[in-house]
Amino acid sequence: MFIISLQYIKPMEEVEKILPQHIDYLDRYFDSGVFLCAGRKVPRTGGIIIGDAGSMDEMEAIVCEDPFHIHDVAAFEIIEFAPTRFSTNCEYIN
């Protein structure tokens, strides 16, 4: 499983111009089952995506398709982790 942390590196006006394309990208990977959760950081300095891909190489390739990456409006950090505990009563999962 992976945590993808995005940090905006361009002014918010530039981020907003690319946002519709970024949302289409998110939708594509939510529909495919790769992305499990995504949202804005608070304060709005970037975002977080939680996903499940087969390997780090696969997740890196997926991140390279993000319009925020293509248009260089955000820096990305990909963290791989192995979850060992899960909550069954998380309001976001149910």
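User: Why is Tyr-8 called buried?

Analyst: Tyr-8 has a relative accessible area of 15%, and buried means under 20%, exposed over 50% and partly exposed in between, with a 1.4 Å probe and protein chains only; Tyr-8 is therefore buried. This is a predicted model, in which local features need pLDDT of at least 70 and side-chain atom pairs count only at pLDDT 80 or more, while totals for chains, interfaces and linings use all residues. Residues are numbered from 1 along each chain as its sequence is written, and side-chain values use heavy atoms, with hydrogens and water left out.

User: How many aromatic pairs are there, and what makes the pair of Tyr-8 and Phe-68 stacked, tilted or edge-to-face?

Analyst: Rings of Phe, Tyr and Trp (for Trp, the six-membered ring) pair if their centres lie within 6.5 Å, and planes under 30 degrees apart count as stacked, over 60 as edge-to-face and the rest as tilted. The count by this rule is five aromatic pairs. For Tyr-8 and Phe-68 the ring centres are 5.9 Å apart and the planes stand at 85°, so the pair is edge-to-face.

User: Why can this pair be said to tie together parts of the chain?

Analyst: Helices (H or I, at least four residues) and strands (E, at least two) are DSSP runs, numbered from the N terminus. Tyr-8 belongs to strand 1 (residues 2-8) and Phe-68 to helix 3 (residues 67-70), so the pair ties together parts that are 60 residues apart in sequence. Phe-68 counts as buried too, because its relative accessibility is 1%.

User: What makes the pair of Tyr-29 and Phe-35 tilted?

Analyst: Tyr-29 and Phe-35 lie 5.4 Å apart from centre to centre, with 45° between the planes, and the pair is tilted. Both Tyr-29 and Phe-35 are buried, and ring pairs join Tyr-25, Tyr-29, Phe-30 and Phe-35 into a cluster.

User: How do you know that the radius of gyration agrees with a compact globule?

Analyst: The radius of gyration is taken over C-alpha atoms, and the globule rule is 2.2 Å times the number of residues to the power 0.38. With 94 residues, that rule puts a compact globule near 12 Å, and the protein has 13 Å, so the value agrees. Along the principal axes, the C-alpha atoms fill a box of roughly 40 × 30 × 20 Å. The protein holds three helices and four strands, which run β-α-β-β-α-α-β from the N terminus on. Buried residues make up 30% of the 94 residues.

User: Why is Met-56 called partly exposed, and which residues does it touch?

Analyst: Met-56 has a relative accessible area of 24%, so it counts as partly exposed. This residue is placed in helix 2 (residues 56-64). Contact means heavy atoms within 4.5 Å, and, not counting residues up to four places away in sequence, Met-56 touches Phe-2, Ile-78 and Glu-80.

User: What makes Ile-50 partly exposed, and which residues are in contact with Ile-50?

Analyst: Ile-50, found in strand 3, has a relative accessibility of 26% and therefore counts as partly exposed. With its neighbours within four places in sequence left aside, Ile-50 is in contact with Met-1, Phe-2, Val-34, Phe-35, Leu-36 and Cys-37. Ile-9 is 41 residues from Ile-50 along the chain, and their C-alpha atoms are separated by 21 Å.
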